[in-house]
Amino acid sequence: MLPTSSNPNIRILSVLTLALGSITGIVRSETVEYDLTIAGETVNITGKDRPAITINGGIPGPVLEFTEGDHAVMRVHNKLDVPTSIHWHGLLVPPSMDGVPFVSFPPIEPHSTFVYRFPIRHSGTYWYHSHSGLQEQKGVYGQIVIHPKNQRSDIGRIDHDVPVLLSDWSDESTHEIMKTLRRGSEYYAIQKGSAISLSGAIRHGMLKDYFQRELVRMPEMDIADVYYDRFLANGRSEIFVPANPGDVVRLRLVDGSATSFFYGEFARGPMTIIEADGQPVVPVKHDRLLIGTAETYDVLVTVPRGGGAWEFRATAHDSSGHASIWIGDPHGERHAAPTVPVPNLYYSMGKPTLDKIFAFTPAGTMGMPDRKVEIGMFDTPGMTMNMEGMNGMGGMKMKNTMNTGLAGQPPHEEKPRVGMGMSLPQETGSSGGMPAMNHSGMKMEDSTASANGDGMDHSAHSAMGHGNSASGGSHGGMEMAMGPMMGGPIKRTLFDRNGREMVVDGMNPKRPLPPYPKLRALHSTAPDPGRPVREIRLTLDGDMDRYVWYLNNKALHEDDQIQIKEGEVVRFIMINRTMMYHPMHLHGHFFRLINGQGDRSPLKHTATVMPMATTVFEFEANEVGDWFFHCHLLYHMKAGMARVVEYENFTPDPDTEAVRDELFDVDLYSYGMADIMSHMTEGFYEIAGIRYSGLVNWTVGWGNIDGEDYEIDATFNYHHNRFLTLFAGAQFSNEGDYPGARGIFGYRYPLPFLISTYGWVDTEGEFRFGAAKSYPITDRLHVFGEVEYDTQLQYEWAAGLEYIIGKNISAVGSFHSEFGVGGGLSVRF
Ligand SMILES: [Cu+2]
């Protein structure tokens, strides 16, 4: 949707502005051509030579510059031995020019050239990247700057206009990264220093949280999955922007990373946000800016008087590193930006209830089962935690007085909302209530009232950072909402082992949520009220352990695509039932993000849906085509979190239609683990797709017995959800009364406290049940135990210790009830 207005006055105004532009002769359409060559090259970013993919020899590729109204001609030359593609992220282009293989066009074949041609319809900061495989991670990205036909009059003088493309770099191959994620390795967390453990929980006084989370079978909170060697700004760990004191610098920030969010912050006080996702917003001051993957923000900072270089720091969301932009005198004294506290990953959201503890599905454990979703209980934007978690707030009635500004709804409609509260932050390290919380809740209602009174159509709509400030003209800052909430008596501040402060994301102003509530469009973005509205409800689901990601519990290849119709208003209600942030990107459109700003909801192309929260956006369906919609975390997209949004009556060109099926191909990853010890060996080898996998498990023992006992189980597995796996296969063994082969049929299912269990029946009519559990005592030292009952062999059990030495190797020792004591190595491959 283009930034048009249904308000006739504003329309007239725009026509006048355009006319003025023409008179002054600024408006002139030109054809702007670029040649982009994509090639495999060796780069050295960390001190080691590593294969990468460059554009015109660099990472990132060149900054592409246009003026609104230009015509772009982009020749993309593929020098790789595999197909590639370029997608123009955020640009409104014809569907065949959007660059998503199998959706918009067939991919660009090796050693061939594809020419993109499209008009430049709007201004702003954007970027481009490969949409093929995992190429983007290896360097196929660059920035786009489109100058407006007419300069804005509300942002004053700008002395320096600086494109800043943030990205993440790993020396590992993308295949290795994906394999590591699929295998469920803890090693990235260990490398980042963010692995959680029992000793850590004890140290922080958060053992209760640890067990509460395990009791309800919630996965561990994870801020980011991948360990990166470097975070980059324009391809470097630090860059310099020479500027004089008093100069105003416009940073065109693009998060062009594969999976990293960044906190952007200037060494000297707040920045002013003037654009988000290329679209102008009412200038607003902001301190610590959380930028989601694939989002862009244009911000202004002023070089302080006094000389020296001032840091604009982009800190990775997981605090594992940062990139720096030094502004001012490159040779002067350096003034660093503040350090962002590390996330507190021990904190357990919500209180365990019997419902959650015994829920049959993963979503149930989070209090968000399908049936509650289907009746619309989580449709309102904001956090969706249960009220039960709020100590001392259970009896409080909170109502949603948000002016949603949704199409087809009167501006002040009050919609009852459910489960709006958040459970209490545990910053204090105690389970006691935080008196300030009650206070905060009441304040919210107060601020709502006064916000309504200030003549603007906005008001509080969430306890979590969406509260609108009644003072200082700040529209709904975290600062305001969290201030009173966190203003209570914090008994002690938590620090990690490296002495870094640890706080809970979004519950402490030091680790704020995205600045969405503050973003306010310059003009009304409300669609025509007469249009029919189509609501599409999407749950964001996933399985951290198997590393598969879903929409409505289905991967891209498993579900119908999303059908829409030209002329209607399409509303996406995205309900995140995972513990991760998902930056959801819709191709081919700007949508209005429902953020409490009513008619002035800002236009964006990417919106982050926070853990256990709901985000709503809507757009006028007037860009007929087939468009990709997906999580922009690269590995989430590849592991299923995507759909095609298809306009009724649109037919892609025959070449694209002929290859559309390939979009739904599932990549297989294979990996395994082998314990090789003095008394026995056991391990597994798995070939995994998304819904299905093939698995071989083996146990061979020789300790304490004559000869060798062996058992090999080969199974084909159907992973119904994070909890339930069903399998069928064969067992080969020399033990028991029926040595040889037999068929087995069984299940795997985790019990409360995340105890994994399994059971099977075999073709000889025998049964087996087993249970296993491991605990991280420290990051690297894990204790494990398992017990098995078999109608043939009776009880068998084992227990042991594992010490993680490196990514692919552990020392391991165990006692096995049959084979005795032994030790050796565990190898991951
Ligand atoms: Cu995601």
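How many salt bridges does the count come to by the rule I applied? I took a salt bridge as a side-chain nitrogen of Lys or Arg within 4 Å of a carboxyl oxygen of Asp or Glu, and the count comes to 41.

**Basis.** I worked on a predicted model, in which local features need pLDDT of at least 70, side-chain atom pairs count only at pLDDT 80 or more, and totals for chains, interfaces and linings use all residues. Residues are numbered from 1 along each chain as its sequence is written, and side-chain values use heavy atoms, with hydrogens and water left out.

**Salt bridges.** I looked up Glu623 and found that it pairs with Arg121, the closest N and O atoms being 2.7 Å apart. Glu623 lies in the loop between strand 33 (613-620) and strand 34 (626-631) and Arg121 in the loop between strand 6 and strand 7 (124-129), so the pair ties together parts 502 residues apart in sequence. Strands are DSSP runs of E of at least two residues, and helices runs of H or I of at least four, numbered from the N terminus. Glu623 is buried at 10% relative accessibility, while Arg121 is partly exposed at 31%. Buried means under 20% relative accessible area, exposed over 50%, and partly exposed in between (1.4 Å probe, protein chains only).

**Copper site.** I noted that His582 (ND1), Cys631 (SG) and His636 (ND1) coordinate the copper ion at 2.0 to 2.1 Å. Donors are N, O and S atoms within 2.8 Å of the metal (3.2 Å for Na, K and Ca); water is not among the atoms, so sites may look incomplete. His582 is in strand 29 (residues 582-586) and His636 in helix 11 (residues 634-638), 54 residues apart.
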